[in-house]
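Have a look at it first, then read on.

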There are 2 protein chains.
Amino acid sequence: MYERLPEQNYIQQLSVDCVIFGYQDRQLKVLVSKLNFAGDFYGLPSGFIYQEEDIDQAAHRVLQYRTGIADIYLQQFHVFGKAARKNQEFLDQLIALNPDLERKDQDDHAIYRWFARRFVSIGFYALADMTKVKLGKSEIDESIRWYDITELPPMILDHREITECALEALRHDLDQKLNAFNLLPDTFTIKDVQKLYETIFDRTFVRSNFQKKILDLNVLERIGKKFTGAANKAPYLYRFKQ
Amino acid sequence: MYERLPEQNYIQQLSVDCVIFGYQDRQLKVLVSKLNFAGDFYGLPSGFIYQEEDIDQAAHRVLQYRTGIADIYLQQFHVFGKAARKNQEFLDQLIALNPDLERKDQDDHAIYRWFARRFVSIGFYALADMTKVKLGKSEIDESIRWYDITELPPMILDHREITECALEALRHDLDQKLNAFNLLPDTFTIKDVQKLYETIFDRTFVRSNFQKKILDLNVLERIGKKFTGAANKAPYLYRFKQ
C-alpha cells in the first residue's frame with residue numbers, strides 16, 4: 001500500500017475486496033492475508049482498479065496472486081459504500097506501529113492522502129477448489145492462509161462484515177447458480193455434495209431427499225465407482241456437467 | 001449534467017443508475033426520463049455520489065426527485081464496471097445536436113473532462129406503488145414518464161442492459177426477499193398478486209397452487225372482503241404484514 005500509487009493509473013476511492021471460499025474436511029474456509037507490517041493486521045485480499053481494466057479483471061488480478069488460478073469462479077455480490085467507510089483510522093494505527101512508514105510518507109504525502117480517504121468497495125466472492133490452489137503472496141502480504149470461517153482472526157476495516165455478507169450471498173445464489181460445485185474437486189460422491197451443502201448452510205439435510213433433489217437437477221454426470229476396496233458398497237463418482 | 005460539477009464534492013468516476021419499476025394494468029413499467037436537450041435522448045434516472053453521502057442515500061436522492069417518495073423500496077443489484085464504459089461518445093453526440101453546450105463547455109472545459117471519462121455505475125432497482133408516486137423532474141429531465149418494459153425507447157449508454165439486468169435481479173430476489181408486494185397498493189386480492197407474479201415472470205401459474213404457495217408464506221393478513229356489489233363472490237382483501 002505504500003508502494004508508489006500513481007494516482008492517474010487507478011480509479012480513485014474505489015476498491016475491490018475478495019472473499020475466497022475453499023472447502024476441506026467439512027469446513028468452509030476463507031483466505032486471509034496477514035499484512036506485511038509490524039502489528040497483527042489481517043485482511044481480505046484487496047486491490048484497486050486500473051483505468052484500463054474491467055472491475056472483474058481487477059478482482060481476477062487480486063485473486064491470481066494469492067491462488068495461482070487464472071479463471072477462478074468469481075461473483076460480485078455487494079457494494080460497501082457508507083460515507084463513513086474511510087481508511088484513515090486504520091492507516092494511523094498502522095503508522096503508529098510502523099514509524100518508518102511515516103518518514104517514507106513524508107517523502108510522498110500524496111500517497112497517504114490518496115489512501116486515507118473514503119473508499120467505496122465492490123465485494124466479490126470466489127469459489128476455489130483447494131486441491132488446485134497454490135498459495136502465493138503479493139507484496140503486501142507477510143503470509144496468507146486458509147481460516148475456518150468460524151475461526152477468523154480480527155480483520156481490518158469492515159472485512160468481517162464483508163465476509164459475512166459474502167456467505168449470505170453464497171447461500172442465496174446456491175440454488176439458482178449451482179455454483180457450489182466449484183468448491184469440490186473434479187469428481188465427487190453425492191455424499192460429498194451433501195456434506196458441502198450442510199457445511200455452507202450450517203444444517204443437516206435428509207439423505208434421500210437431498211440425493212433426489214440434486215440428481216433431479218440433471219447437472220451431474222455419473223462416471224463410475226469410487227475405489228474403496230469394498231467394491232459392493234462403493235459409492236458412485238460424479239462430475240459437474242459444463 | 002452541464003450545471004457546475006464541483007469535482008471535490010463528488011466521488012469521481014462513480015455513478016448510480018436507477019431502474020424504477022411500477023405495476024399497472026398487468027404491465028410492468030419502468031420510469032424513463034427524456035433529457036432536457038435537443039435530440040431524443042432517453043435514460044434511466046442517474047446521479048453522482050457526494051463525498052459525505054452513503055451510496056444508498058445518493059440513490060434515494062435521485063429517486064425522490066422523480067417519484068416524490070422518500071422511503072421507496074430500493075435494492076442495489078449489480079455494478080457495471082467495464083473499462084470501455086465511457087461517456088465520451090454520448091457526450092459528443094449530445095454536443096453535436098446542442099452546439100451551445102460546446103461554447104458553454106469551453107468556458108469550463110473541466111466539466112467535459114470530468115464527465116467524459118470512464119464511469120463505474122452502481123445499479124439500483126426500486127419498487128414503487130404507482131398510486132403513491134407523484135412524478136417530478138430534476139433539472140436534467142425535459143419530461144419523465146412510465147414505459148411498459150416491453151416498449152422502452154432507445155436509451156443512452158448501457159441503460160437498456162442495466163434495465164434487463166434489473167429485471168433478472170428482481171426475478172431472482174422475489175422469492176427470498178418477498179419484495180414484489182412493494183409494487184401493489186396497500187390492499188389487494190390474491191388474484192392481484194398472481195397477476196403481478198405472472199407479469200414479472202412473463203408466464204402463467206396454476207391458480208390453486210399459486211394461492212396455496214402465497215398463503216403458506218404467512219406474510220399476508222386478511223382484512224375483509226372487497227366490495228364488488230356481488231357480496232357472495234367478493235374476493236378477500238389482504239395486506240402485507242410488516
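Contact here means heavy atoms within 4.5 Å. Keep in mind that this is a predicted model.

Let's start with Ser138(A), which sits in the loop between strand S6 (120-127) and strand S7 (141-148) of chain A. Leaving aside neighbours within four places in sequence, Ser138(A) is in contact with Tyr65(A) and Arg66(A). With Arg66(A) there's also a side-chain polar contact of 3.2 Å. Ser138(A) counts as buried, because its relative accessibility is 13% and the cut-off for buried is under 20%.

On to the aromatics: over all chains, the whole structure holds 38 aromatic pairs. Two of them compare like this:

| Pair | Centre to centre | Angle between planes | Type |
|---|---|---|---|
| Phe48(A) and Trp114(A) | 4.8 Å | 85° | edge-to-face |
| Tyr197(B) and Phe201(B) | 6.3 Å | 35° | tilted |

Phe48(A) is in strand S4 (residues 46-50) and Trp114(A) in helix H4 (residues 109-116) of chain A, so their pair ties together parts 66 residues apart in sequence. Phe48(A) is buried at 13% relative accessibility, and Trp114(A) is buried at 2%. Both belong to one aromatic cluster, whose members include Tyr10(A) and Phe119(A).

Tyr197(B) and Phe201(B) lie 4 residues apart in helix H6 (residues 190-201) of chain B, about one turn of the helix. Tyr197(B) is buried at 2%, while Phe201(B) is partly exposed at 24%.

Methods. Residues numbered from 1 in each chain as written. Chains lettered and ligands numbered in written order. Predicted model: local features only at pLDDT ≥ 70, side-chain atom pairs only at ≥ 80, totals over all residues. Heavy atoms only, no water. Helix = DSSP H or I, 4+ residues; strand = E, 2+ residues; numbered from the N terminus. Buried < 20%, exposed > 50% of the residue type's maximum accessible area, 1.4 Å probe, protein only. Polar contact = N/O pair within 3.5 Å; in protein donor to acceptor, adjacent residues only side chain to side chain. Phe/Tyr/Trp six-rings, centres within 6.5 Å; stacked < 30°, edge-to-face > 60°.
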